[in-house]
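Work through the two exercises below with the model open. Try each task before you read its solution.

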Amino acid sequence: MPQLRQTWDNQHFFKGTDDPQIATAIAEIRDNVGQISMACAPFAEYIDSAETLPEPEFDTLLGLLRGIHQTRTELNKQLGNVRTYITTALSVDAQDTHASAIMPTLQQISAEVSQALTPMQVFLNRVRSEFVAAVVADPVLVEMAFLLVHQRKLRDQLLSVAEENLITGLAVNGLHTWGNLYTELAGTLKCTVNGETMGLAKAANLQSDPNRETRQAAWNAIRNAWTGHQQTASTILNAINGWRLEETQKRAQVRELHYLDRSCHQSRIERATLDALMATTYQQRSIGQRALKAMAQVLNIPQMAPWDLQAPAPTIGEPKTISFDAAITLIADAFRQLTPEMGDFAVMMAEQGWIDGKPTPNRATGAYCTRFSDPREPRIFMSYAGTMTNVITLAHELGHAWHNWVMRDLPPMQTYYSMTLAETASIFAETLVRDALLQQAETPAQKLEILWQNAQSAAVFLLNIPARFEFEKRLVEARKQGVAIAPALKTMMADSWQLWYEDSLSDYDDMFWATKLHFSISQLGFYNYPYLFGYLFSLGIYAQQDNYGADFNTLYTQILRDTGSMTAEELVTQHLQQDISQSQFWKASLSIVEKSVASLEQLVDN
């Protein structure tokens, strides 16, 4: 069997972050940006008359669009490769000076691309529907269809070309700099756990340690590290959210758009769907609370604490460490129960050096899946320490990678799926692994280990994710009134945890707003409910296996392939003939979670 690798091999893109070819690639990218800028400029002359564009002008403008589209496709491949290479380098070493110097340049270029395209984008948002129909019917431009039609839903939020370019340009050294600052802090902050100084990524893994005192020490160390920088962290949150509110206000010339409506548009779901999801989950939050209470009973403690939320299931004797190779084998075997190709893919990812999980000193926290653009190759980043939690995280990210892989032959613009649908594939993959392990379990201890993982997921998705959502709503509302200082943020976070966890925890993590990266991502807000959506949505799909039998994998694959060209509602209506804007869909998924939690309760009681 070929050797499985635990570090990235990106040498066929660039030899290192100091590779002169990066500068060459950036120069070529800038040339293409200039070409696009020149090609898009003529559209500015048509904006004022776009809604009454004469039909004889159609052919000329369609010809311009074809050329721009083809140049943009090549540009996106070039920029995507460089950006992914630099991002992955910074994840492994946040103090890589070459990568750190290049990243602002790439962000500036991304802004320049957006600015270059603005005259065309504004025109396409304002032009009469007959021209849009012509674009959609064009063989070269048809891949733009979904994104164009979806974008036009917020056409009344559009500003002038000059104003759009001003916002984009200022965001590089304004909005996105704050997100960069958080990432740099998270990658360089040190904390001390039981006398050992370490980075936050290593400390975060210790929150999955079998020893409760170690978990608490790690949790306190991370909390203390961020407490020492709480003013900076609060400034980051205020700056990012203040920017978003100001921009939203500037765009409200025709109608005021609620921040949740804007988020739903980004997530490609209707507000009614989000409301149904959150309301139904709140009504059944006791499922997540029951999971925590059962886990506390197993740990023989009165209540779970924040430092217990990632605790592993208790084991007899020395805690078992799962090697990286064993994890890949375990996951691949589970994936093969759906389709052999998915299992082989998981092994290939490790053989090719497309996963980086080996701990490094200045490593970023968290885990993610990204991809190179040409050739289309996925990459996974995480910090692997051999826990069952790490195994499930690896399965989660391999689910993302599989999603990218089954779409690799589609036109690029049909592969840009929303965060809500992105989390579907990852959580589906987790469920495959857990179910496979549960089927193999022969002893109560083995069953406990898997049911424990299911209970942890129930607590995360049904309580922690909604608490994040609640906090972010409170943050935005508070930011409307002024600056939210650190003590106020602590209160908001504690209150949000209380609303969802209630008495299932002994303490609330009032510094979670600082320790969790997701709140400080500058590119998008409310990066929380998509996880809950993906969790329950994937369970809803997973439950369809018996109904479709041998045809299920074909159905699942087609759902994944359509995520870049449909809204979530359209996807479910077409493939499952159900309505996700109604509570019934979510109740059916929650009933699956409830059965799993009940199984743990039954095992504990026996």
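**Exercise 1: two domains and their interface**

An automatic or database domain assignment gives the protein chain domain 1 (20-153) and domain 2 (324-418). The model is predicted: local features need pLDDT of at least 70, side-chain atom pairs count only at pLDDT 80 or more, and totals for chains, interfaces and linings use all residues. Residues are numbered from 1 along each chain as its sequence is written, and side-chain values use heavy atoms, with hydrogens and water left out.

Task: describe the interface of domain 1 and domain 2.

Step 1. Take the centres over C-alpha atoms: they lie 29 Å apart. In contact (heavy atoms within 4.5 Å) are 20 residues from domain 1 and 17 residues from domain 2.

Step 2. Find the buried area, the accessible area (1.4 Å probe) that two parts lose on being put together, summed over both. It is about 1600 Å², with 58% from carbon and sulfur atoms. Ser-91, Val-92 and Glu-143 supply 36% of the area that domain 1 buries against domain 2.

**Exercise 2: one histidine**

Task: is His-403 buried or exposed, and what does its side chain reach?

Step 1. His-403 counts as buried because its relative accessibility is 0%; buried means under 20% relative accessible area, exposed over 50%, partly exposed in between (1.4 Å probe, protein chains only).

Step 2. The His-403 side chain reaches the backbone oxygen of Leu-560 at 3.2 Å.

Step 3. Leave aside neighbours within four places in sequence. His-403 then contacts residues including Tyr-417, Leu-421 and Thr-563.

How values were computed. Polar contact = N/O pair within 3.5 Å; in protein donor to acceptor, adjacent residues only side chain to side chain.
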